[in-house]
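I opened the notebook to look up how this chain is held together.

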Amino acid sequence: MFERLPVGIHDEPPVGAIGASGIHVDKIWVGQAYEREGCTGESDKFSLSKHGAVNVCFRVVHSRVEEKVDVLWEKDGELFRRRAMQIPELHAYRTRAYLVLRREYIGSWKARVVSVDGIELAAASFAVVE
């Protein structure tokens, strides 16, 4: 059973499941660059010849206690990398994870945001091409 959270005026419905603590993601997007407001140059396809990195931005809503989430990078359906991320004591927190592109990264990708209790909070898919 998850914990009920207060709702802020900028909160949107969860895009995925809700973790036991009530933690959830209400926005996820993928872009070419990262700026103060999040990912820019939104796309679902990234070219080695044009782009240096893929940025996955997401907004986490949770109770005001520090928590962790994992970003799981999957390439062609297989786990490629796991990155633990701290979510500070804020009601809503926007953050990002990024992947610097290399030739061996050509393929289909998915970035999954997962709570400490193993619940998939959000996912975004993209492709890396020549």
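**Entry 1**

I began with aspartate 11, which counts as buried at 16% relative accessibility. My cut-offs for accessibility: buried is under 20% relative accessible area, exposed is over 50%, and partly exposed is in between, with a 1.4 Å probe and protein chains only. I am working on a predicted model, where local features need pLDDT of at least 70, side-chain atom pairs count only at pLDDT 80 or more, and totals for chains, interfaces and linings use all residues. Residues are numbered from 1 along each chain as its sequence is written, and side-chain values use heavy atoms, with hydrogens and water left out.

Which residue forms a salt bridge with aspartate 11? I found arginine 59, with the closest N and O atoms 3.2 Å apart. I count a salt bridge when a side-chain nitrogen of Lys or Arg is within 4 Å of a carboxyl oxygen of Asp or Glu. Arginine 59 sits in strand S4 and aspartate 11 in the segment before S1, and 48 residues separate these distant parts of the chain. Helices (H or I, at least four residues) and strands (E, at least two) are DSSP runs, numbered from the N terminus.

Arginine 59 is also buried, at 15% relative accessibility. Its side chain meets that of aspartate 26 in a salt bridge as well, at 2.4 Å from N to O. Aspartate 26 belongs to strand S1 and arginine 59 to strand S4, so this pair ties together parts 33 residues apart in sequence. I read 6% relative accessibility for aspartate 26, which counts as buried.

**Entry 2: other charge pairs**

I searched the whole structure and got nine salt bridges. One of them joins glutamate 74 and arginine 112, with the closest N and O atoms 2.8 Å apart. Glutamate 74 lies in strand S5 and arginine 112 in strand S8, so the pair ties together parts 38 residues apart in sequence. Both glutamate 74 and arginine 112 are buried.

**Entry 3: sulfurs**

How many disulfides are in the whole structure? I found one. The partners are cysteine 39 and cysteine 57, with sulfur atoms 2.0 Å apart; the cut-off for a disulfide is within 2.5 Å. Cysteine 39 is in strand S2 (residues 38-42) and cysteine 57 in strand S4, so the bond ties together parts 18 residues apart in sequence. I checked the torsion about the S-S bond: it is about 90°, so the disulfide is right-handed. Cysteine 39 and cysteine 57 are both buried.

**Entry 4: two sheets**

I traced an open sheet of five strands, ordered S3-S9-S8-S5-S6, with mixed pairing. Strands pair here if DSSP finds at least two bridges between them. S3 (45-47) and S6 stand at the edges with a single partner strand each, so one side of each has no neighbour in the sheet. From one strand to the next the twist averages 25°; axes are lines fitted to C-alpha atoms, for helices over the stretch in contact, and angles run from 0 to 180 degrees between N-to-C directions. Seven bridges pair S5 with S8 in the antiparallel sense. Tryptophan 73 faces alanine 111 of S8.

I then traced an open sheet of four strands, S2-S1-S4-S7, with antiparallel pairing. S2 and S7 are its edges, each with a single partner strand, so one side of each is left without a neighbour in the sheet. The twist here averages 35° from one strand to the next. S1 and S4 run antiparallel and are joined by seven bridges. Isoleucine 28 stands opposite phenylalanine 58 in S4.

**Entry 5: the core**

Which members of the largest nonpolar core touch the most other members? I listed Val25, Ile28, Phe58, Val69, Trp73 and Phe126, out of 26 residues. Such a core is a set of buried Ala, Val, Leu, Ile, Met, Phe, Trp, Tyr and Cys residues joined through side-chain atoms within 4.5 Å. The largest share of this core, five residues, comes from S9.
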